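Colleague: Before I use the labels attached to this model, could you take me through the criteria behind them?

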Amino acid sequence: MRMKVYMTVVCRMAAVVAAIMLMASCCNSVRVSGTVAGAGDSELVLKSLPVGTDVTVDTLKTDADGRFSFKYHVGKDEPQFVYLYYKDRKIVSLLLENGDKVEVDADTLGTRSLSGSDESLKLISVEKDFSDFLTKFNGLYMRYLELKPESDEAKSVNREMSKEYINYYRSRVRYVMENYNSLSIIPVLYQSVNENLPVFAQSTDAIHFRNACDSLMSRYPDSEYVTALKAETDRRYKVLELSARIEGAERLSFPDLNLPDINARKIKLSEVDAKLVMLYFWTVTNDLQKMNNLDILKPLYEKYHDRGFEIYQVAIDVDKTMWAGVLKNQKLPWLNVCDGLGADSPAAQLYNVTGLPRAYFIYNGELLQENGFDKASLSRLLERYL
């Protein structure tokens, strides 16, 4: 009798567990349905947005009236960006949260209305704001290109462009501050007018990134989007810290370094006695960078060293034996230093070195805003300053 009761309890418990698992499975699915007017008996393409690029995840078939429906897996506290395309045109943007039941009304040109997802409505709103801004800004830019840069009209148009940009930037700062708990702020933070002009272009914007990241991290700790935002936030903070060090330095216009040479003797960057110092970050593990020593740097060093040119070369490596061997084989005559910490070197972090090789130039104690490492660029720079 006891065995029978025990088995009955076990069966009931198993049924409860199965029901709970079924409910969890259902809750992890988002249901989306709707109509795309004018798309009867055709296909829609469903794309997700992993970090970095979008990926096609499914093709949906519409009926004769343009109706469609699909389910999409969304983990707990892991909202997903999902986009629906008709041919090459994006018609629906979705930011789906666990448990959403979304109804879409659209045509082949875009979304007309949407219900069941507040986050998706926010995403659609920020995309429209950005599109409206770009239309105005690019229209002004096209007008500017038709004018002579020195004309009064061109200057007026240029002021209008600046005003549009500043007003839009301020509106985006306000949106981010008012929506710290929404993932819809992530695409806002990454908006860019063109490849050279992000909307959040100032070094102090790192503060907005940090506040947004901290808030989202507490709510969505497992989100891949928030993880990527944290990496970008850390990068921006390094740039901000470098700017603060440069601006706040009392005697130096650049962050100082004090690193060991091949004989373990510390050499301070600020004590290098030369008119023009090239601060050069590299690695001995890259054959092209080793060739640069002989093909580019050595000839220029021999030509300009007597005029006041010096190189302070920082190896971002962990194998100091390999580094020392390359120095001896190549017989490099300038200052070579290495702390053996590789990418964790404070020197690399201090100068925000995210890729190698990387060069900075210091002229009479002042950090220059110069870049370019090819032989022609270096030759022009050396001729100009020496």
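Predicted model: local features only at pLDDT ≥ 70, side-chain atom pairs only at ≥ 80, totals over all residues.

Modeller: Residues are numbered from 1 along each chain as its sequence is written, and side-chain values use heavy atoms, with hydrogens and water left out.

Colleague: Why is D77 called partly exposed?

Modeller: Buried means under 20% relative accessible area, exposed over 50%, and partly exposed in between, with a 1.4 Å probe and protein chains only. D77 has 34% relative accessibility and therefore counts as partly exposed. D77 lies in the loop between strand 4 (67–73) and strand 5, helices (H or I, at least four residues) and strands (E, at least two) being DSSP runs numbered from the N terminus. Although D77 is not a glycine, its phi is positive, at about 60°.

Colleague: And what makes K331 count as exposed?

Modeller: K331 counts as exposed because its relative accessibility is 65%. K331 sits in the loop between helix 8 (320–330) and strand 15 (335–337), and this residue, not a glycine either, has a positive phi of about 55°.

Colleague: How do you know that strand 13 and strand 14 pair?

Modeller: Two strands pair if DSSP finds at least two bridges between them. Strand 13 (residues 276–282) and strand 14 have seven bridges, in the parallel sense, and M278 has I311 in strand 14 as its bridge partner. Strand 14 is also joined to strand 15 by three bridges, again in parallel, with Y312 opposite L335.

Colleague: What makes the crossover from strand 14 to strand 15 right-handed?

Modeller: The term applies if, with the strands pointing away from the viewer, the path from the first strand over the helix to the second runs clockwise. The chain crosses from strand 14 through helix 8 to strand 15, and this β-α-β crossover is right-handed. Strand 13, helix 7 (residues 287–304) and strand 14 also make a right-handed β-α-β unit.

Colleague: Why is strand 14 called mostly covered?

Modeller: Seven of the seven residues of strand 14 (residues 309–315) are buried. F309, I311, Q313 and A315 point one way, E310, Y312 and V314 the other way, and all are buried.

Colleague: How does the span of helix 5 compare with the expected one?

Modeller: The expected span is 1.5 Å times one less than the number of residues. Helix 5 has 14 residues and reaches 20 Å from its first C-alpha to its last, close to the expected 20 Å.
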